[in-house]
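Welcome, and thanks for opening your viewer. Let's take a short walk through this model, one selection at a time.

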Amino acid sequence: KHLTLQLLDCAPTCTTLRQEVMQGLQQSPKTLPSKYFYDEPGSRLFAQICELETYYPTRTERRIMQQCVGELAELLGPDCLLVEYGSGNSLKTRMLLDTLKDLVGYIPIDISKAYLKEAAIALALAYPALEVLPVCADYTSEFELPVPARAVRQRIGYFPGSTIGNFEPMEARRFLQQIARTCRGGGLLIGVDLKKDFTVLHHAYNDPQGITAQFNLNLLRRLNQELEADFQLAQFRHYACYNPSEGRIEMHLVSLEEQVVHIDDIEIPFKRGESIWTESSYKYSLEEFARLARAAGFRVERAWCDEQHLFSVQYLAT
Ligand code: AVI
């Protein structure tokens, strides 16, 4: 079957990548924005992480969703427009598409164009009656949503996987406020990872197969490819640890030697043991997250958890 899909392209440019990378690497401590993990190879590595035994969030969230999706469909009613922030391979979305009643359309938003196209086409083929309107964008930036052909009763944001944890709490609030504006009158279905035993967290970000390490190092490979940087991947090592007082996993790339990396004409010196902080993954208690949601203009209408209280799926109403 032949299929054409209109993709709205607001992808960040190479100039934006260069600016943000330069800024991050010239700071102390050095940082890189975690959103740049998700080029095509990075998105594939992340999909592999989601299948790992040690990475509990994905399967726990899936299990919670299986339990709650019927109740959610009742709660939301018909004629919703589903807007997914960071849709990746859209695997999790199918459960919603299967259960929500008379969905008006589905807008997957993702920063990786190739990956988004592939996922959107697969979905459009699997759900021929559904209007699929993909948008390639950094979803934290300002952009207009496409308008579906049928009338929308309410917009429902979908932000699974606890990606909200990858934002600094202040930015998380700002981003949730942005969604609250976009989905005014509707709400947001969000996955939130919970505070728990440190050992479980440690293993989730230090898998024995080393996929998380590859995912982290892929960022340097990407900068070599897209910015013609000269990072030697063997000279950096993945390091992830839980910071209990801040309630977050911190992921770093540690320089194994004193070395100098070049991007354009800029020299970036590294001491031995110096790191690039590539990601934070905040974990919330239910109370902490409810406070954050309220500060952003939402109220927690429902919060579903697994029995061990590892993860939560929450419906926030505007
Ligand atoms: C996408 N995000 C919620 C993941 C997380 O757990 O913070 C990204 C990730 N980083 C390492 N493993 C997975």
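Which helix gives the most to the lining of the largest cavity? Select residues 56-76: this is helix H3, which gives four residues to that lining, the most of any element. Keep in mind as you look around that the model is predicted.

**Stop one: the cavity**

Now show Thr-58, Glu-61, Arg-62, Met-65, Lys-92, Met-95 and Tyr-158, the residues that line the largest cavity. The space inside is about 40 Å³. A search of the whole structure finds one cavity of 30 Å³ or more. Colour the lining by class and you will find three nonpolar, one polar and three charged residues.

**Stop two: helix H5**

Next, select residues 113-126. This is helix H5, with 14 residues, and it reaches 20 Å from its first C-alpha to its last, close to the 20 Å expected at 1.5 Å a residue. Highlight Tyr-115, Leu-116, Ala-119, Ala-120, Leu-123 and Ala-124, which are buried. Turn the view to look down the axis of H5: its buried residues fall within an arc of 155°, so they line one face of the helix.

**Stop three: a pocket**

Finally, centre on Pro-12, Asp-39, Ile-111, Arg-222 and Glu-226, which lie nearest the centre of the second largest pocket among its 18 lining residues. Helices H1 (14-25), H2 (40-50) and H8 (211-227) each give two or more residues to this lining, and H8 gives the most, with four. The pocket holds about 260 Å³ of space, and its lining has nine nonpolar, three polar and six charged residues.

Terms used
Residues numbered from 1 in each chain as written. Predicted model: local features only at pLDDT ≥ 70, side-chain atom pairs only at ≥ 80, totals over all residues. Heavy atoms only, no water. 1 Å grid on protein atoms, 1.4 Å probe; cavity = no way out; pocket = protein on both sides within 12 Å on 5 of 7 lines; lining within 4 Å. Points joined across faces, edges and corners; volume = space filled by probe spheres on them. Nonpolar A, V, L, I, M, F, W, Y, C, P; charged D, E, K, R; others polar. Expected span 1.5 Å × (residues − 1). Buried < 20%, exposed > 50% of the residue type's maximum accessible area, 1.4 Å probe, protein only. Arc of directions from axis to C-beta.
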